[in-house]
Amino acid sequence: MSTRVGQKKAARVVRDQIAREKRRSRTLWTTIAAVAVLVIAGLIGWGLISAQDSGTYTAPPGAVEDGTGIKVGTGPVQIDIYEDFICPACGTFEKQTGDTLDRLVAQGKASVVYHPLAFLDRASSTDYSTRASAASGAAAEGGKFREYAKALFAQQPAEGSAGLSDDQLIAIGRSVGLGDAFAQAVRDGKYKPWTAHVTDAASGDGVTGTPTVRVAGKDVQPTTQAIQAAVG
Amino acid sequence: MNVTVVSPPVSPTSVSRWHSGRPWLGTLVRLGLAAVWLVAGGAKVGDLAGSGRAVNAYDVMPYDLAKVIGAALPLVEVALGLLLLVGLATRLAAGISVGLLVVFIAGISQAWARGLQIDCGCFGSGGQLAAGQSPTYGPEILRDLGFLVLAVVLVIWPLTRLSIDSWLEKK
């Protein structure tokens, strides 16, 4: 083997080694950059949700102790109803079972805790779920939660629509006898933080859809028969 | 470094055609997977709380953890989509895609096996299905398997045309 060939060979070995070294450091740096991008993105999401959580809320009068719903009646058996004002199945449930619930309360057999949550804000272009729930909180302040909730379900907007406007929410309130304080609370969005609390607490309690019905803490089918059977 | 192509011995012309065509094919795969992540993440970033509820509906972790994961996931998906779009650290991004998709498939499978009635929440929405709606776990899993194939292809052949990776490689 001549020296020239040997030199060429040696030069190639060195070149290859440098190229390998370069590739390795390039891979290292692109990996670090990519991981940083992903981690930062995840932290931004975490930061955004934590910021949403930190709001303090005022529960309306008539709310249960932990502020997660409005209690109606004083009967011994507790029924929990988790509803979203734009959810079509909740509208149907109210139509079919609402009167039965009112009767159970009137007969002193059961108390009903209504949890007006906002799972379906994306189902309207104006966050109707949140606005309607907050308005129902204002109605509770005026002592007419149940009347107002029924009136809202009677005029339930379709999913995918803009929902009812604040003015319409106020007009419905007036139709059940709510006054200026109610109107002001709706306009100010006074109970929106409370709605967020109700929604978050329901998720924490394992509610993943609406309507969810629980009798004495146990899941029950959202039908008149099932509820009556469970109450006994 | 020599690139060894795992393919049966074929005529020289088809080998060279594979060599010249593969990086372009890879570009298509990369952009396709990027689109999947960008659409999936983009549909959820507007409602991070809802995304947390969708994760919670799988009923595999406490709500407080589901909330954090649900909030982080859409942004991570968008970031993955962007990395794949520009072709930076493609092998890593594709590898993480594989991991995420396997987790998603496992999540949907366990929901199916336990008889949960949920929407996978893959591209927004999510949560429990309304009465009368039936879950579509089979198609959801098949779809994710399709995405998984794209990601695996990119793990094997990460260098594609029109990518930062290949631009750096030439430098």
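Read along the sequence, chain B goes α-α-α-α-β-β-α-α. That is 6 helices and 2 strands, where helices are DSSP runs of H or I with at least four residues, strands are E runs of at least two, and both are numbered from the N terminus. Before going on: this is a predicted model, in which local features need pLDDT of at least 70, side-chain atom pairs count only at pLDDT 80 or more, and totals for chains, interfaces and linings use all residues. Residues are numbered from 1 along each chain as its sequence is written, while chains are lettered from A and ligands numbered from 1 in the order in which they are written.

The C-alpha trace of chain B spans about 60 × 30 × 20 Å along its principal axes. Of its 171 residues, 42% count as buried, meaning that 20 or more other C-beta atoms, placed from the backbone, lie within 10 Å of the residue's own.

Now the helix pair. Helix 3 of chain B, residues 63–86, packs on helix 4 of chain B, residues 90–113, at an angle of about 145 degrees, with the axes 9 Å apart. Axes here are lines fitted to C-alpha atoms over the stretch in contact, and angles run from 0 to 180 degrees between N-to-C directions. Which residues make the contact? From helix 3 of chain B they are Leu80(B), Leu83(B) and Leu84(B), and from helix 4 of chain B they are Thr90(B), Ala93(B), Ile96(B) and Ser97(B). Contact means C-beta atoms, placed from the backbone, within 7 Å. By type, this contact has 5 nonpolar residues, 2 polar and no charged; Ala, Val, Leu, Ile, Met, Phe, Trp, Tyr, Cys and Pro count as nonpolar, Asp, Glu, Lys and Arg as charged, and the others, Gly among them, as polar.

Next, the interface. Chain B puts 31 residues in contact with 23 residues of chain A. On the chain B side, helix 2, helix 3, helix 4 and strand 2 each supply at least two residues, and the largest share, 12 residues, comes from helix 3 of chain B. That side divides into 23 nonpolar, 5 polar and 3 charged.

Last, chain A. Strand 2 of chain A pairs with strand 3 of chain A, residues 110–116, in the parallel sense over 7 bridges; pairing requires at least two DSSP bridges. Opposite Ile79(A) stands Val112(A). With strand 4 of chain A, residues 212–215, strand 2 of chain A runs antiparallel, joined by 4 bridges. There, Asp80(A) stands opposite Arg214(A).

Methods: Contact = placed C-beta atoms within 7 Å. Buried ≥ 20, exposed ≤ 12 C-beta atoms within 10 Å, placed from the backbone.
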